[in-house]
Amino acid sequence: MDSDLLHSPAVGLAEEEEADMNDWKLPLTFMKKRHLEKIEGSKALAQSWRMKDRVTSSFYAFDTQNPLSMSPQKALETIGANLQKQYENWQPRARYKQSLDPTVDEVKKLCTSLRRNAKEERVLFHYNGHGVPRPTVNGEIWVFNKNYTQYIPLSIYDLQTWMGSPSIFVYDCSNAGIIVKSFKQFALQREQELEVAAINPSHPLAQMPLPPSMKNCIQLAACEASELLPMNPDLPADLFTSCLTTPITIALRWFCMQKSAKLVPGVTLDLIEKIPGRLNDRRTPLGELNWIFTAITDTIAWNVLPRDLFQKLFRQDLLVASLFRNFLLAERIMRSYNCTPVSSPRLPPTYMHLMLPCSAAQRPSS
């Protein structure tokens, strides 16, 4: 009988009730003040990595190279078309304008037109100054006169006025650092004029059209003020432009030229020029190489640049980000030929970073 009682429904119910009563006597958990307070997110300002500023809708290029294998006019047209195509790979939706061997009036007309159409968007100005006089210490570059019989100087101050802001300026010429310095001096002069006009409305400057501020302008130059561009028959004459617009091709070409460098057996310079695929398609060889290159240069920039500068140059504008990634490569390659690329804003040196390609002989000792 005892065995039957142990297994009866009444006995089982009594045991469950006793167990429930014992549970109420257990200490309560998660009841301290820190568990009862309202949960709020962190009040720290989080960085946004979304693209906010849309890239420019305009492009302006100057070109004066003259390859010996072509007639002068044919050479200009070919170089201009190639340069535009290279930029289109990075920003296909932008509008591009070429000005080949222009006069001062043509430069003014085109720059003011681009700024008017771009409104508040960024405009890019690419100066390809090969085969023309070097920039002057007074901050001038060279264009043709109306009769195309001689070069005449064009002041960077005037160029600033026509281009306005925000803009990107690329200078591929010898002594390009002179232009960067002059640009900064003229920009400071403009800021002082704006301050005078704001403080003293009766000042003559206040009665004139206010000059545009240059605070949101970016500059990329091929070399310092005292340096000449390299002359190597195995490399493009516009090496700096090639680094900025075709980084994969020029990086592989330069790497293969290093005596101690070893790439895949059988790869020649001719094959490098024929890498199949598209930059924006990772399923292709060229796209995969570009994806790797982007990851490497972004990592270098993230580790070297101040966070606010990294955000401004590598995360707010597609074209700006591409140009500055490629500028890191340009610094590495151009310095190997005794040229020091210059940027404004200026970047910390990255040319010997361990993640960039270089030969064993050029690798810094640890």
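Which side chain meets that of Arg 253 in a salt bridge, and what is the N to O distance?

Modeller: The model is predicted, so local features are described only at pLDDT of at least 70 and side-chain atom pairs only at pLDDT 80 or more, whereas totals for chains, interfaces and linings use all residues. Residues are numbered from 1 along each chain as its sequence is written, and side-chain values use heavy atoms, with hydrogens and water left out.

The partner of Arg 253 is Glu 273, and the N to O distance in this salt bridge is 3.2 Å. Helices here are DSSP runs of H or I with at least four residues, numbered from the N terminus. A salt bridge requires a side-chain nitrogen of Lys or Arg within 4 Å of a carboxyl oxygen of Asp or Glu. Arg 253 counts as buried because its relative accessibility is 17%, while Glu 273, at 47%, counts as partly exposed. These classes are set at under 20% relative accessible area for buried and over 50% for exposed, with partly exposed in between (1.4 Å probe, protein chains only).

The count of salt bridges comes to nine. Among them, Arg 278, Asp 281 and Arg 283 are linked in a network. Asp 281 pairs with Arg 278, their closest N and O atoms being 3.2 Å apart, and with Arg 283 at 3.1 Å, N to O. Asp 281 is buried at 11% relative accessibility, whereas Arg 278 is exposed at 51% and Arg 283 is exposed at 75%.

Helix α10 (residues 269-272) contains Leu 271, which is partly exposed with a relative accessible area of 47%. Together with Val 264 and Val 267, Leu 271 forms a nonpolar surface patch of about 250 Å² accessible area. Such a patch joins nonpolar side chains (Val, Leu, Ile, Met, Phe, Trp, Tyr) within 5 Å, taken from residues with over 30% relative accessible area and no salt bridge; like charges are joined within 9 Å. The areas come from the Shrake-Rupley method with a 1.4 Å probe, and for residues only the protein chains shown count as cover.

Arginine also meets aromatic rings. The charged end of Arg 307 sits over the ring of Trp 302, 3.6 Å from its centre; the criterion is CZ of Arg or NZ of Lys within 6 Å of the ring centre and within 35 degrees of the ring normal. Trp 302 also belongs to a cluster linked by ring pairs, with Phe 240, Phe 310, Phe 314, Phe 324 and Phe 327. The structure holds 11 aromatic pairs. Phe 310 and Phe 314 are stacked, because their ring centres are 5.4 Å apart and their planes lie at 5°. Rings of Phe, Tyr and Trp (its six-membered ring) pair when their centres lie within 6.5 Å; planes under 30 degrees apart count as stacked, over 60 as edge-to-face and the rest as tilted. Phe 310 and Phe 314 are four residues apart in helix α12 (residues 307-314), so about one helical turn separates them. Both Phe 310 and Phe 314 are buried.

Note on methods
Helices (H or I, at least four residues) and strands (E, at least two) are DSSP runs, numbered from the N terminus.
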